[in-house]
Amino acid sequence: MPVSHEPDGRLGTFVETSVAGERVRAFVPPPLPPVPPVDLSALVTRLSAAERALGRLDGVSVLLPNKELFLYMYVRKEAVLSSQIEGTQSTLSDLLRFETEAAAGAPLDDIREVSNYVDAMMYGLDRMATLPISLRLIREMHDRLLDSGRGATQNPGEFRSSQNWIGGTRPGNAMFVPPPPNEVMNCLSDWEQFLHSETRDIPPLIKAGLLHVQFETIHPFLDGNGRLGRLLITLFLCAEGVLRQPLLYLSLYLKTHRADYYRLLQEVRERGAWEAWLEFFLDGIAETANQAFETANRIASLLAEDRGRIVSDTDRTGSVLQVHDLMRTRPFLTAAAAVEHSGLTMPTVNAALAQLQALGLVEEITGRKRDRVFAYRAYLDILSDGVAR
């Protein structure tokens, strides 16, 4: 049935629809931007703090000795956190051990879901070089996100053609029912038009906050909406040039403040309370950017300190440094993998790992005589801050 929007209101329209034999009221949001416009004067202090924190984070990415390394690990931390919000049980250690084909402690489907998130994220970042953020890119990323594991049966890469709901055991007691299937493409077209529109009066951070809520409200897929919606925040800020490196991920903040997050999304839908949501969103950006800045500095300090100890306290400095360098992207490492990726011989690798172990920089975690796995524990501890171990 046709849907009409109030031209001067922030409130959407409820449409009666039938789901699984129940009559429910599905919500169709009005197009962005909000009308009346967001009151930026109430947000200026928070916006300024968020922009300063992002600028500092962007600056440290230039100073890092290996920003690709930091991105490599930070993306994996984000993947774990974002998936934990959705209920997976895998940890950062599980993912890293899975990637090195070492023993993994979490259910395999959980680890696959997190691994798919990494793949979708990196694909989106690479693809933006040739394709702007668009419904097409979002579908391609979703296809990778749900490639295997529990989401593989939920139409990967396809916008939904059936009704979904959020919270509750059935549509009739759901916390929120997104737009009916016949309204999804209209809503997405409006969303994409706003995404690409010239909005000089709306700062990029504010626009990112508006786009995120609208995407979650449309809930265009049967599964994976939350993970993709969080990922799109960072992609948008990179596309806008706010970030040179994709180092900002809000999942830890949203996980920590999950009740507030869901409440504020609902208040936008029910009351048009955009300013309250944007206050929370900007606080999250500032807090997250400051945490990432501190993490980058802690990692840089640890790596420099450990390299210094290797140079001063080992008699095979060259080979030990090579294996240490490998462990920055493989904090779980087997001797066979070290041989494969370094070009060193097995005796040289074993000697280097023994020296790293003697220095207390790595520990062997299997207790086996063969196929041993070495962990760079201090590095993992920094990366795992805020993540379930």
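User: A salt bridge is a side-chain nitrogen of Lys or Arg within 4 Å of a carboxyl oxygen of Asp or Glu. Which residue forms a salt bridge with Glu22?

Analyst: This is a predicted model, in which local features need pLDDT of at least 70 and side-chain atom pairs pLDDT 80 or more, whereas totals for chains, interfaces and linings use all residues. Residues are numbered from 1 along each chain as its sequence is written, and side-chain values use heavy atoms, without hydrogens and water. Glu22 lies in strand β2 (residues 22-28) and the partner in the loop between α5 (135-145) and α6 (181-196); helices (H or I, at least four residues) and strands (E, at least two) are DSSP runs numbered from the N terminus. With the closest N and O atoms 2.7 Å apart, the partner of Glu22 is Arg170.

User: How many residues apart in sequence are the parts that Glu275 and Arg10 tie together?

Analyst: The closest N and O atoms of this salt bridge are 2.9 Å apart. Glu275 is buried at 18% relative accessible area, as is Arg10 at 15% (buried is under 20%, exposed over 50%, partly exposed in between; 1.4 Å probe, protein chains only). Because Glu275 belongs to helix α11 (residues 274-313) and Arg10 to the segment before β1 (13-19), the pair joins parts whose separation in residues is 265.

User: Is His219 buried or exposed?

Analyst: His219 sits in the loop between α7 (204-218) and α8 (225-239). Its contacts (heavy atoms within 4.5 Å) include Arg160 and Pro178, leaving aside residues up to four places away in sequence. Since its relative accessible area is 15%, His219 is buried.
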